Each structure stands twice: as C-alpha cells, then as structure tokens.
Amino acid sequence: MSTLTERFAELFADRPEARPVDLARVCGVKPPSVSGWLTGKTRQMEASNAIRAAAFFGVHTWWLATGEGPKYLKDGEVDGHQPHIQERAQGWPFSAPYEAYCKLSTAEKKALDKVVSGFIVGMGHGA
C-alpha cells in the first residue's frame, strides 16, 4: 500500500499543470499544510480536506485516503464521499462535467461566468 505522500506525488505527476497552491486554495488551507502532505510530515488528512482534494484531482476519496480501491472516477461516476458535488452536479446544465468545472481556478471560474452572463444578457434574457 502506498503512503499519502506517494499518492499525491502520483496525482501531481498525472496532472503537471496542477500546483500545490491550487490544492491549498481548493482545500481552504494554507500552503504549508499541503507541503506537509507532500513531504510526509503529515501522514493523514482531515476528511473534509481529503474530499476536496479528491474532487480536485477527480479521484475516489477512499483511494486518496487509503490507497485502496480504484483510483480514478469513471466518466459520469460520482464519488459517494463527495455528496456536495453530487448534489450540485445533478442540476448542472452544461455538457462539460461539473467535476471539471470544480477543478478550474477562481480566476477561470470568474472568466467563465463573464462569458455565460454576457451570452445570456446578449440573447435578451436577464438584466
């Protein structure tokens, strides 16, 4: 079985565009906390951080926390340990997966909001 540090190394290798600072932002923690996960100084994560980190990387929460079970979610699959994402995804009106939207940075989400809002207003709907 792998360590939390090894699992994070694997995830960052799979997604080279992801940065530890992005993970800190998603989890709502300071970068030193993420550094602890990545270096092995911290061997376990709080459940809420594991859920957010798993959603960020698109992996099963159980795999991230324990190294057991399947790593990646299948297309359309929702991790049962991520109920807040599952609830929001049910009303998601776009063809792009909600989980992919969750991985966008705050700046990217704001830019997307401007595009969608501009389109809706331009079509004569909304204020």
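Begin by selecting Glu17 and Arg15, whose side chains form a salt bridge with 2.9 Å between N and O. A salt bridge here is a side-chain nitrogen of Lys or Arg within 4 Å of a carboxyl oxygen of Asp or Glu. The model is predicted, so local features need pLDDT of at least 70 and side-chain atom pairs count only at pLDDT 80 or more, while totals for chains, interfaces and linings use all residues. Residues are numbered from 1 along each chain as its sequence is written, and side-chain values use heavy atoms, with hydrogens and water left out.

Colour these two residues by accessibility. Glu17 is exposed, with a relative accessible area of 53%, whereas Arg15 counts as buried at 15%. Buried means under 20% relative accessible area, exposed over 50%, and partly exposed in between (1.4 Å probe, protein chains only).

Next, select Asp22 and Arg25, which meet in a salt bridge of 3.2 Å, N to O. Both residues are in helix 2 (residues 20–27), and because they are three residues apart, about one helical turn separates them. Helices (H or I, at least four residues) are DSSP runs, numbered from the N terminus. Asp22 is buried at 8% relative accessible area, and Arg25 is partly exposed at 36%. Salt bridges with shared partners also join Glu10, Asp14 and Lys71 into one network.

Asp14 is partly exposed at 40% relative accessibility, and Lys71 is buried at 15%. The whole structure holds five salt bridges.

Now display helix 1 (residues 4–14) with helix 3 (residues 31–39): they pack at an angle of about 105°, with axes 6 Å apart. Axes are lines fitted to C-alpha atoms, for helices over the stretch in contact, and angles run from 0 to 180 degrees between N-to-C directions. The two helices are therefore roughly perpendicular, a term for angles of 65 to 115 degrees. Leu4, Thr5, Phe8 and Phe12 of helix 1 contact Trp37, Leu38 and Thr39 of helix 3 (heavy atoms within 4.5 Å).

Finally, select Phe119, Ile120 and Met123, which make a nonpolar surface patch of about 320 Å². Such a patch joins nonpolar side chains (Val, Leu, Ile, Met, Phe, Trp, Tyr) within 5 Å, from residues with over 30% relative accessible area and no salt bridge. Phe119 lies in helix 8 (residues 106–122) and is exposed at 55% relative accessibility.

Note on methods: Patch = residues over 30% accessible without salt bridge, like charges linked within 9 Å, V, L, I, M, F, W, Y side chains within 5 Å. Areas by Shrake-Rupley, 256 points an atom, 1.4 Å probe, with all protein chains shown as cover. Parallel < 35°, antiparallel > 145°, perpendicular 65-115°, else oblique.
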